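Okay, thanks everyone, let's get going.

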Amino acid sequence: MINLSGKVAVVTGGSRGIGAEAAIMLAEAGCDVAITYVSARTKAIQIRNRIEQMGRESLIIKANVSSERDVKLALRAVIRQFGRIDILVNNAGIWKYGSIGSMSARQWDETLDINLKSVFLFCNEAVRHMKRRGGKIVNIASTAGQRGEAFHSHYAASKAGIIAFTKSIASEVAPYGINVNCVAPGWVETDMSKGVLSSKKALRNIEQSIPRGRVATPREIAGPILFLASELSDNLVGTTVSANGGGVMVS
Ligand code: NAP
């Protein structure tokens, strides 16, 4: 039912985890897909190969998402190769420990720059291209941005910032046929969470806190991303889809 043939998608942090799975699913739905990575070139190449094996075009771009210059160059490369941007998934992010009272300003800035400033930078560039024929922007937030997260206040603030930023610009660009929405995952099996999830005891506690009884796969987050990237979500403006198995029931 979802057919995105002829559309061009950009997924930041598409080399691993949720971003990689979103890139694959968008290609399965018919998109040509550009992904960004910052260090995992071999993994980015593997994702590009999988997309090309489906008969779609793909482009991998090395870009630090917190650098204005890198973001501009990245989207310029997409326009040069594909001539358009229809879908933008702002997924790249980091999750680091930081205790209030001992966190440095540098730690704070790193997380805010990679997780939040990047979303502003990509949206700021992409809407210029999307204003002509509409588009879909999906920003990846987190349950941390909805309820806060102890010892990760910088991360939680960055994700809450994404949710508020999404609501704000969604109203600005809806008249141009651009939908901006968020997916807020709970626990997902990726490199980001494996330090915690590899402890059997921690995993058991986490699973017990989720009504569905288990941690999500990246593909279970890619599904809501695909939905928000499709015309099925045309009436969703500035909303947050909570993809957390019922672990946190906020909207
Ligand atoms: P992951 O497996 O750690 O992958 C992170 C991705 O972001 C990689 O592609 C990485 O590129 C890229 N990245 C990191 N720093 C970057 C930078 N400075 N510039 C450009 N790219 C950068 O993470 P994930 O679990 O898939 O998370 C994806 C998104 O979901 C994040 O926004 C995260 O906050 C959110 N999320 C995850 C969970 C979870 O439990 N996993 C829960 C809630 C929300 P390289 O591969 O090149 O390093």
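Predicted model: local features only at pLDDT ≥ 70, side-chain atom pairs only at ≥ 80, totals over all residues.

We've got an open sheet of 7 strands, pairing in parallel, and the order reads β3-β2-β1-β4-β5-β6-β7. At the edges sit β3, residues 58-62, and β7, residues 240-243, each with pairing on one side only. From one strand to the next, the twist averages 15 degrees.

Let me zoom in on one pair.

α9, residues 218-229, packs on it and touches β4, β5, β6 and β7, with its direction at about 170 degrees to that of β6. Then there's α4, residues 105-130, which lies across β2, β4, β5 and β6 and runs at about 180 degrees to β4.

How big is the largest pocket? Its volume is about 1,100 Å³. There are 43 residues lining that pocket, and the ones closest to its centre are Gly-93, Ile-94, Trp-95, Thr-190 and Met-192. Elements giving two or more residues to this lining are α1, β2, α5 and α6. By class, the lining splits into 21 nonpolar, 17 polar and 5 charged residues.

The second largest pocket holds about 290 Å³ of space. It has 19 lining residues, with Lys-7, Lys-136, Ala-229, Ser-230 and Glu-231 nearest its centre. The class count for this second pocket is 6 nonpolar, 6 polar and 7 charged.

What about cavities? Searching the whole structure for cavities of 30 Å³ or more turns up 1. The largest cavity has a volume of about 50 Å³. And which helix gives the largest share of its lining? Here's α4 again, supplying 4 residues. Both α4 and α6 contribute at least two residues each to that lining. Among the residues around the cavity are Asn-115, Ser-118, Val-119 and Phe-122, along with Thr-12, Val-65 and Lys-159. By class, we're at 6 nonpolar, 5 polar and 1 charged for the cavity lining.

That's my tour; over to you.

Definitions and conventions:
Residues numbered from 1 in each chain as written. Heavy atoms only, no water. Pairing = 2+ DSSP bridges. Axes fitted to C-alpha atoms, helices over the stretch in contact; angles between N-to-C directions. Contact = heavy atoms within 4.5 Å. 1 Å grid on protein atoms, 1.4 Å probe; cavity = no way out; pocket = protein on both sides within 12 Å on 5 of 7 lines; lining within 4 Å. Points joined across faces, edges and corners; volume = space filled by probe spheres on them. Nonpolar A, V, L, I, M, F, W, Y, C, P; charged D, E, K, R; others polar.
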